[in-house]
Amino acid sequence: MADVVPKIASFLSTPTGTSVVICSAVIFGTWWLLAVKHTRREPVLSKEEWREFPLVEKINISSNTALYRFGLPDPEDNLGLPPGQHITISAEIEGKTVSRSYTPTTGQDDLGHFDLVIKTYEKGNISRYVAGLKINDKIKVKGPKGNFTFTPELAPEFGMIAGGTGVTPMLQIARYSLFNPGDPTKFTLIYANVSEDDILLRVELDYLVAMFPYRFKVYYVLNNPPAGWKGGVGYVSKDHIQEHLPPPGNSKILLCGPPPMIGAMKGHLADLKFPAPRTVSKTEDAVRVRPRFPH
């Protein structure tokens, strides 16, 4: 041991030894700076106070629906929203404070921004407000919110039924799970719309089907299908659910869509012996209704 210290000292006095010391210092210093940066940065979201985020991009995806991309304070920031949770947007409209909740479609791997897919309604306060934003205009956001958080231990398989913009919480949960290499959860989504042009985020959904064919499936249902349509036709039926979604037992069912659709789905699920959802759904419920908030 007595011979080791002099040898180390002799090595460090050589040009090679000096280079090793410098490189080690640079590596450690870089690691320390990054560690401090990420541990000392405060969370992007706050449950108690409104925080502002600027609009950095708008992408029209249908005649009345757009993807709105909002910038985060740092390019390496993630929104940090737990899967299954949502955020609330607030705005002053005609002298009144109006708030609405939305589910971002971005995931844990998206840095520097978050995306909201919003359909503009003729009488929708917040949806029309967001549609009128210009680049660099800011929105006020608070969160996370919600009484459901997805974890891989909840169930081996999820069935999902969504209508219109109700697909956004389904995509958020599925993306989080599918890109987690330690999560084997399977998902089947029945997604209902009026016409083929109304299918939102189809590119993203079909991409997940192609990437994870054994874990993610989508069955599209249209009221007004085009010629040659191979998906479902009409409204989502009990037969659609029985054919495509997992049976009651170890599975869980998530619902999000217009109130009339949700009412019909509750009836179909009851006929198929699924437990009735509670008025205020909880994480542990076998059937959970995610309300589609007013716009």
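1. Helices here are DSSP runs of H or I with at least four residues, strands are runs of E with at least two, and both are numbered from the N terminus. By that rule tyrosine 207 belongs to helix 5, which covers residues 202–211. The model is a predicted one.

2. Tyrosine 207 is partly exposed, its relative accessible area being 43%. Together with Phe179 and Met211, Tyr207 makes a nonpolar surface patch of about 300 Å².

3. Aspartate 206 counts as partly exposed at 33% relative accessibility, and arginine 202 is partly exposed at 26%.

4. An open sheet is formed by six strands in the order 10-9-8-7-11-12, and the pairing is parallel. Strand 10 (232–233) and strand 12 (287–289) are at the edges; each has a single partner strand, so one side of each lacks a neighbour in the sheet. The partner of strand 12 is strand 11 (residues 252–256), and three bridges in the parallel sense connect them. Within this pairing, isoleucine 253 has valine 287 of strand 12 as its bridge partner.

5. Helix 4 (residues 167–178) packs on this sheet and touches strand 7 (157–163), strand 8 (186–193), strand 9 (216–222) and strand 11. The direction of helix 4 makes about 160° with that of strand 8. Helix 7 (residues 259–271) lies across strand 7, strand 8, strand 11 and strand 12, and runs at about 160° to strand 11.

6. Which residue forms a salt bridge with arginine 175? The partner is aspartate 110, with the closest N and O atoms 3.1 Å apart. This pair links distant parts of the chain, 65 residues apart: arginine 175 is in helix 4, while aspartate 110 is in the loop between strand 4 (96–102) and strand 5 (113–119). Both arginine 175 and aspartate 110 are buried; the cut-off for that term is under 20% relative accessible area.

7. The structure has nine salt bridges. Another of them joins arginine 69 to glutamate 57, whose closest N and O atoms are 3.7 Å apart. Arginine 69 is in strand 2 (residues 65–71) and glutamate 57 in strand 1 (residues 51–60), so the pair ties together parts twelve residues apart in sequence. Arginine 69 is partly exposed, with a relative accessible area of 24%, and glutamate 57 is also partly exposed, at 33%. Glu57 and Arg69 are linked with Asp115 in a network of salt bridges.

8. Strand 1 runs antiparallel to strand 6 (residues 138–145), and four bridges join the two. In this pairing, glutamate 52 has lysine 140 of strand 6 as its bridge partner. Strand 3 (residues 86–93) also pairs with strand 6 in the antiparallel sense, over four bridges. Here threonine 88 stands opposite lysine 142 in strand 6.

Conventions
Residues numbered from 1 in each chain as written. Predicted model: local features only at pLDDT ≥ 70, side-chain atom pairs only at ≥ 80, totals over all residues. Heavy atoms only, no water. Patch = residues over 30% accessible without salt bridge, like charges linked within 9 Å, V, L, I, M, F, W, Y side chains within 5 Å. Areas by Shrake-Rupley, 256 points an atom, 1.4 Å probe, with all protein chains shown as cover. Salt bridge = Lys/Arg side-chain N within 4 Å of Asp/Glu carboxyl O. Buried < 20%, exposed > 50% of the residue type's maximum accessible area, 1.4 Å probe, protein only. Pairing = 2+ DSSP bridges. Contact = heavy atoms within 4.5 Å. Axes fitted to C-alpha atoms, helices over the stretch in contact; angles between N-to-C directions.
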